[in-house]
Structures are given as structure tokens and as C-alpha cells.
Amino acid sequence: LEKGLDVTIFFYNPNIHPRKEYEIRKEENKRYALKHGVPFVDCDYDADTWYKRMNGMEFEPERGIRCTACFDMRMEVTAKYAFENGFSCFTTTNATSRWKDLDQVNTSGIIAAQKYEGLDFWVYNWQTDEMTLRKYQISANNKFYKQEYCGCAYSLRDSNIWRKNNGIPPVMIGGDSAGLGTRYFENPEADAAEESQEVVDQFFKDALNHFDNDNLKDKVESRREKLKQQYEGRKKNINNVSLNNW
């Protein structure tokens, strides 16, 4: 805003579960928009469509193909709205979090923007130490609600498994108390430390191994075996289309 940009907040997050968490996060966005006189677009809570698109990827690890599909869906809707309403550029707060793969987020945004002439996705490294601390300073100054997981039901499941393995209380939805740390952002330095690169890297290392959870591992292997049987005998050849039987 200080640089004279015409900013609008477009809130489209059908992945957030449960609905109570979705409403809390949306209201925090609306509160910040109102404070700064920024237009706020409240998109529908399109959860049913989101679950349909994630079908078959319920047990994929964090930062895997399910996250790509989730980013794709949200970027596509955002890009369409931006183009139809005269915006030349859009970006996402997802790119500010070290809990997200920056290349994964940016790729979804770039692909979505390419469908519309004159529309660009703003690529920027928002995850530097300086930007991370700045983010938490703003959050503390506004005493924002501190979300304890990415947002979707599968992230909530995996976060609680990881917490249990590390002796941390489960995620709390709403209320005045959090499962870990404070309910609201209060200390920028302490909050930034919770998102240190070391903490984030360890979480995703554990995620790739499904948090040593036998139940999750069994479901992943079962899903892979079903897909193997489903696609057995199918061929796809980019050099000789006559060999394709898809």
C-alpha cells in the first residue's frame, strides 16, 4: 500500500477444515482488510469440490502431489477472478510460509496465470529471515490468531501424529488456548523460531516417512497397489502414439 499498489484480498481457501477454523481465519483477514481500507472478496467455502479434487491423494505426504493439486485449484480460481476483474497481477500468502515449498507454490501460480493474456503471477522470495521476522512482527502487532497447521483435514491429521511422536499436545481449534505456544501472535522472535528452517526441515523429513505411523504406511501401500492394478497394461509413448492405449 505504501508503494501505491492497488491491493485486493481474495479469500478462497476451500481446503481449510473444520469450518470453525475456516471462519476464524477468514475473519482475521477481514479485520486486517478493514483496518487498512483494502477491498475483501469473500469467495465461497467450496469444500465439496476440494475433496473431490483431492480424491485418491488422502495419504500423500505433505509437500507431495496433493499439495500441488490444492495449490493448482486455488490459483486457478484466483487467476480467473483476477483476469475477469481487471487485475494485472496476483500472488499468494502461501509463498510467505516456510512450511510451504516455494517452488511448488510459485509453479502453480505461474501456470494459472499463463491461461490469461496480460496476467502475471508475482514471484518473490518471501521466506528470507528478514521477511519471516517482518511477517511475525505484523502478526504480533495485530494479535492475529495463530494457526497450528496448514489447514486441510489431512494436514491436521499429520500434524497431530507428528505432535504425538514428539510429546506435543494436539492442535486446538479456536478458543483461548493453543496446543503449542500461545493462541495469538505475541512475540515475533519466538514465533519466527517456531518456523525456523531446522524445525520445518525435520517435520518434512518425518512426513516423507509417514511419521513412522504403521497405519498411514499401510494405507499408502494399499493405495499404491490399487493404482498399480488399475493402470496395469496401460501404455503411453510420446514417440509413437500408436502404442498408446489410454
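A: First, the ground rules. This is a predicted model, in which local features need pLDDT of at least 70 and side-chain atom pairs count only at pLDDT 80 or more, while totals for chains, interfaces and linings use all residues. Residues are numbered from 1 along each chain as its sequence is written, and side-chain values use heavy atoms, with hydrogens and water left out.

Q: OK. How many helices and strands in the chain?
A: The chain has 9 helices and 4 strands; these are DSSP runs numbered from the N terminus, helices being H or I with at least four residues and strands E with at least two. Along the sequence the pattern reads β-α-β-α-α-β-α-β-α-α-α-α-α.

Q: And what share of the residues is buried?
A: Of 246 residues, 39% count as buried. Buried means under 20% relative accessible area, exposed means over 50%, and partly exposed is in between (1.4 Å probe, protein chains only).

Q: Salt bridges next. How many?
A: The structure holds 15 salt bridges, each a side-chain nitrogen of Lys or Arg within 4 Å of a carboxyl oxygen of Asp or Glu. One of them joins Glu21 and Arg25, at 2.9 Å from N to O.

Q: Where do Glu21 and Arg25 sit relative to each other?
A: Both are in helix H1 (residues 19-36), 4 residues apart, so about one helical turn separates them.

Q: Buried or exposed, that Glu21?
A: Glu21 is buried, because its relative accessibility is 0%. Arg25 is buried too, with a relative accessible area of 7%.

Q: Which residue does Arg53 bridge to?
A: Arg53 pairs with Glu76, the closest N and O atoms being 2.9 Å apart. Arg53 lies in helix H2 (residues 47-53) and Glu76 in helix H3, so the pair ties together parts that are 23 residues apart in sequence. Arg53 is partly exposed at 33%, and Glu76 is partly exposed at 26%.

Q: Which residues form a salt-bridge network?
A: Arg19, Glu23, Lys26 and Asp42 are linked in one.

Q: Switching to aromatics. How many pairs?
A: There are 14 aromatic pairs. Rings of Phe, Tyr and Trp (its six-membered ring) pair if their centres lie within 6.5 Å; planes under 30 degrees apart count as stacked, over 60 as edge-to-face and the rest as tilted. For Phe90 and Phe121 the centres are 5.2 Å apart and the planes at 65°, so that pair is edge-to-face. The pair links distant parts of the chain, with Phe90 in strand S3 (residues 89-90) and Phe121 in strand S4, 31 residues apart. Phe90 and Phe121 are both buried.

Q: Which aromatics form a cluster?
A: Ring pairs link Phe11, Tyr22, Phe40 and Tyr45 into one.

Q: Last topic, cysteines. How many disulfides?
A: The structure holds 0 disulfides, a disulfide being a pair of cysteine sulfur atoms within 2.5 Å. For Cys67, the nearest cysteine sulfur is that of Cys150, 6.3 Å away. Cys67 is buried at 13%, while Cys89 is partly exposed at 36%.

Q: And where is Cys152?
A: Cys152 is in the loop between H5 and helix H6 (153-165), and it is buried at 6%. Cys152 touches Asn15, His17, Trp50 and Arg66, again leaving out residues up to four places away in sequence. From Cys152 to Pro14 the C-alpha distance is 8.6 Å, although they are 138 residues apart in sequence.

Technical notes
Contact means heavy atoms within 4.5 Å.
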